[in-house]
Amino acid sequence: MRALPGLLAARAPTPRLLLLLQCLLATARPSSADGSAPDLPFTSLPLREEMMANNFSWESHNISLTEHSSMPVEKNITLERPSNVNLTCQFTTSGDLNAVNVTWKKDSEQLENNYLVSATGSTLYTQYRFTIINSKQMGSYSCFFREEKEQRGTFNFKVPELHGKNKPLISYVGDSTVLTCKCQNCFPLNWTWYSTNGSVKVPVGVQMNKYVINGTYANETKLKITQLLEEDGGSYWCHALFQVGESEEHIELVVLSYLVPLKPFLAIVAEVVLLVAAILLCEKYTQKEKKHSDEGKEFEQTEQLKSDDSNGIENNVPRHRKNESLGQ
Amino acid sequence: MARRTEPPDGGWGWVVVLSAFFQSALVFGVLRSFGVFFVEFVAAFGEQAARVSWIASIGIAVQQFGSPVGSALSTKFGPRPVVMTGGILAALGMLLASFATSLTHLYLSIGLLSGSGWALTFAPTLACLSCYFSRRRSLATGLALTGVGLSSFAFAPFFQWLLSHYAWRGSLLLVSALSLHLVACGALLRPPSLAEDPAVGGPRAQLTSLLHHGPFLRYTVALTLINTGYFIPYLHLVAHLQDLDWDPLPAAFLLSVAAISDLVGRVVSGWLGDAVPGPVTRLLMLWTTLTGVSLALFPVARAPTALVALAVAYGFTSGALAPLAFSVLPELVGTKRIYCGLGLLQMIESIGGLLGPPLSGYLRDVTGNYTASFVVAGAFLLSGSGILLTLPDFFSCFSTTTSRPQDLVTEAPDIKVSLPKEGLEED
């Protein structure tokens with residue numbers, strides 16, 4: 001049921017009158033896409049023609065403010081398809097509700113029509129409805145309540161963010177690598193890849209089996225680059241196109257040559273060779289010493305046995321002589 | 001020259017402990033941290049994770065199945081040349097893997113080549129360690145095996161750092177250089193001058209004598225059952241935690257906690273095994289039973305504190321049983337058959353290690369959660385510990401020494417004959 005245009009002013013004349021009118025007009029509410037909308041005193045819904053004709057889904061969002069809210073309250077909303085949007089701000093204050101000035105702005109320009117204001121008790125409600133068809137309608141929508149201070153609530157509409165890799169992708173000359181871009185729960189119309197040549201973005205064309213673009217699911221895209229050269233390194237951009245905007249992500253590719261890890265490898269191999277040589281030489285050295293001392297011990301032992309056999313007094317003389325002969 | 005009839009229990013033995021420490025770090029630490037490479041391999045080759053996991057599975061399988069070969073060779077040539085060759089093979093495998101263009105290439109280079117390299121290093125080293133220690137054998141083994149725990153700690157972030165700077169090819173190249181240190185560790189393995197040392201009969205004779213040795217066979221069965229349940233938490237704990245809605249970071253932290261208590265368990269158990277009189281088998285049974293119980297309790301625990309406590313308990317008890325499992329062997333078969341015995345043991349118990357995780361995974365697929373897997377793992381451990389009861393001297397009050405008096409008497413004529421050979425062998 002369509003509300004009478006005469007009743008729909010940009011600003012309600014008096015909150016109480018509007019409330020009375022809304023109580024008289026009972027209209028069925030279409031289902032809201034966002035189920036978090038609280039129970040609002042608006043029972044009549046100003047439906048514009050476009051909103052009636054299209055079959056876009058509804059997005060409803062709500063912000064609550066009080067006179068004591070110190071920080072600006074923001075709500076980030078991710079949107080990828082054209083939608084009908086229903087934004088509500090509620091403001092609770094102990095002062096006079098009539099003295100509050102309510103405005104809506106998109107980015108920084110004031111919106112003239114299409115919003116409703118009503119009040120219950122000590123809370124002021126304002127509602128703004130519009131349709132997002134393309135990127136022009138995306139942005140920041142703010143509701144302002146001005147008493148002495150201005151309280152502000154902002155709804156930020158953004159396209160879904162893309163996730164690439166935070167760290168650079170490292171690969172080697174002659175290898176092939178795959179750059180992936182994906183976004184959660186989103187279905188872009190189109191994916192494109194760009195490579196940067198200095199500061200110029202050049203779209204990546206599918207040339208000669210070097211570049212292959214495909215993706216297993218709608219929410220991801222993969223760029224496969226084969227036969228890498230050192231020049232292929234650099235910044236790559238993946239670009240997702242939605243009906244309501246574009247989103248892009250940056251991926252860094254580094255192409256190394258084999259010499260880069262080879263140098264530390266050779267250094268470590270040299271170190272191991274030295275270590276093994278040191279251990280084996282050390283052992284040979286201690287063994288030689290052991291053998292010398294062993295030989296000396298053996299001679300002493302044989303001398304001991306011989307001296308035990310022979311008589312006591314004559315021991316010294318033969319022993320010395322024998323030692324000398326052996327020593328030579 | 002005085003020949004020792006008892007193992008020295010010190011001296012150069014501690015250097016062997018150090019060598020074994022680094023070797024277990026370089027073999028098992030690398031294997032356990034290989035998970036870091038998996039993500040890269042999956043991305044680089046576009047293959048499923050299951051097919052990529054075969055790389056490590058083949059490596060572990062070859063390492064364990066090839067242990068008898070390593071043992072047999074070290075009985076013949078001594079541990080040093082065998083371990084050094086193993087180190088070269090392991091490093092070569094990694095080096096070739098860095099040039100891989102397909103997954104099969106990796107199966108062959110890391111799985112087969114590095115795996116056989118690892119097979120030639122681990123069993124001979126532990127056997128050599130047992131030759132150097134008798135009274136403090138458990139402590140020495142425990143200290144040596146702490147290398148596994150510490151390296152799992154250090155290597156995982158280190159490999160991650162390598163990957164972020166050199167990608168997988170460069171990282172494999174550098175891990176190959178790291179594995180080359182196995183050669184240096186092998187160089188440290190001086191064969192001890194033990195009277196019992198000369199191999200009585202060739203490897204084949206030892207093998208047949210072992211296969212007829214009742215207690216040894218029972219011990220092998222017990223360890224195989226233990227092995228079946230042992231590895232399951234390492235593989236499936238994180239997945240189980242994620243089933244309970246844990247975040248990846250706290251889950252990894254829980255694994256680290258288990259790893260630390262594993263480390264402590266190894267050292268404490270090693271010390272305890274030597275300090276407590278009586279056969280080591282009793283302690284082994286105690287730790288195995290406790291591990292089985294803690295495993296079976298895992299599905300019951302829901303609260304984070306209970307899970308942390310169980311993780312600590314599991315880590316401690318499973319770490320505790322590791323060094324004892326190796327110390328019991330010389331008591332059973334004697335130091336002269338230690339090389340062969342260890343190799344054979346590793347080969348047979350690897351069957352358990354290979355079958356356990358897939359069985360656990362299969363139970364998970366069939367029942368939908370890990371309750372059955374953990375309970376079955378606990379059951380395997382408990383049955384293994386039950387078989388330990390049947391080992392000889394379990395109920396005796398005295399511990400068996402490695403050299404029984406009757407062995408020495410029969411050996412006496414052999415000693416004189418083999419002395420000149422020993423002198424030549426030492427070079």
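**Two chains, question by question**

Q: What places Arg266(B) and Asp262(B) on one helix?
A: Both belong to helix 12 of chain B, residues 248-275, where they sit 4 residues apart, about one turn of the helix. Helices here are DSSP runs (H or I, at least four residues), strands are E runs of at least two, and both are numbered from the N terminus.

Q: How do you know what sort of model and numbering this is?
A: This is a predicted model, where local features need pLDDT of at least 70, side-chain atom pairs count only at pLDDT 80 or more, and totals for chains, interfaces and linings use all residues. Residues are numbered from 1 along each chain as its sequence is written, chains are lettered from A and ligands numbered from 1 in the order in which they are written, and side-chain values use heavy atoms, with hydrogens and water left out.

Q: What makes the pairing of Arg266(B) and Asp262(B) a salt bridge?
A: The rule asks for a side-chain nitrogen of Lys or Arg within 4 Å of a carboxyl oxygen of Asp or Glu. Their side chains come to 2.7 Å, N to O, so the pair qualifies. Both partners are buried, too.

Q: How do you know where to be careful in chain A?
A: Check pLDDT, the predictor's confidence in each residue, from 0 to 100. Chain A averages 77, and 77% of its residues score at least 70. Residues 1-13 of chain A, though, fall below 50, with 16 contacts beyond near neighbours in sequence. Residues 25-38 of chain A are also below 50, and that stretch has 30 such contacts. A contact means heavy atoms within 4.5 Å.

Q: What makes Thr141(B) buried or exposed?
A: Its relative accessible area is 4%, so Thr141(B) gets the buried label. Thr141(B) is part of helix 7 of chain B. Leaving out neighbours within four places, its contacts are Leu126(B), Leu129(B), Pro323(B), Phe326(B) and Ser327(B).

Q: How do you know that Lys182(A) and Glu220(A) form a salt bridge?
A: Their closest N and O atoms are 3.9 Å apart, so the pair passes the rule. The link joins distant parts of the chain, with Lys182(A) in strand 11 (residues 177-182) of chain A and Glu220(A) in strand 15 (residues 220-225) of chain A, 38 residues apart. Lys182(A) is partly exposed at 40%, while Glu220(A) is buried at 8%. Together with Lys222(A), these two are linked in a network of salt bridges.

Q: What makes Lys106(A) and Asp107(A) fall into accessibility classes?
A: Lys106(A), at 13%, counts as buried. Asp107(A), at 42%, is partly exposed. Their side chains meet in a salt bridge at 2.8 Å, N to O.

Q: How do you know how much area chain B and chain A bury between them?
A: Buried area is the accessible area (1.4 Å probe) that two parts lose on being put together, summed over both. Here that's about 2200 Å², 65% of it on carbon and sulfur atoms. Tyr166(B), Arg169(B) and Leu173(B) supply 21% of the area chain B buries against chain A, more than any other three residues. The contact takes 27 residues from chain B and 25 from chain A.

Conventions: Buried < 20%, exposed > 50% of the residue type's maximum accessible area, 1.4 Å probe, protein only.
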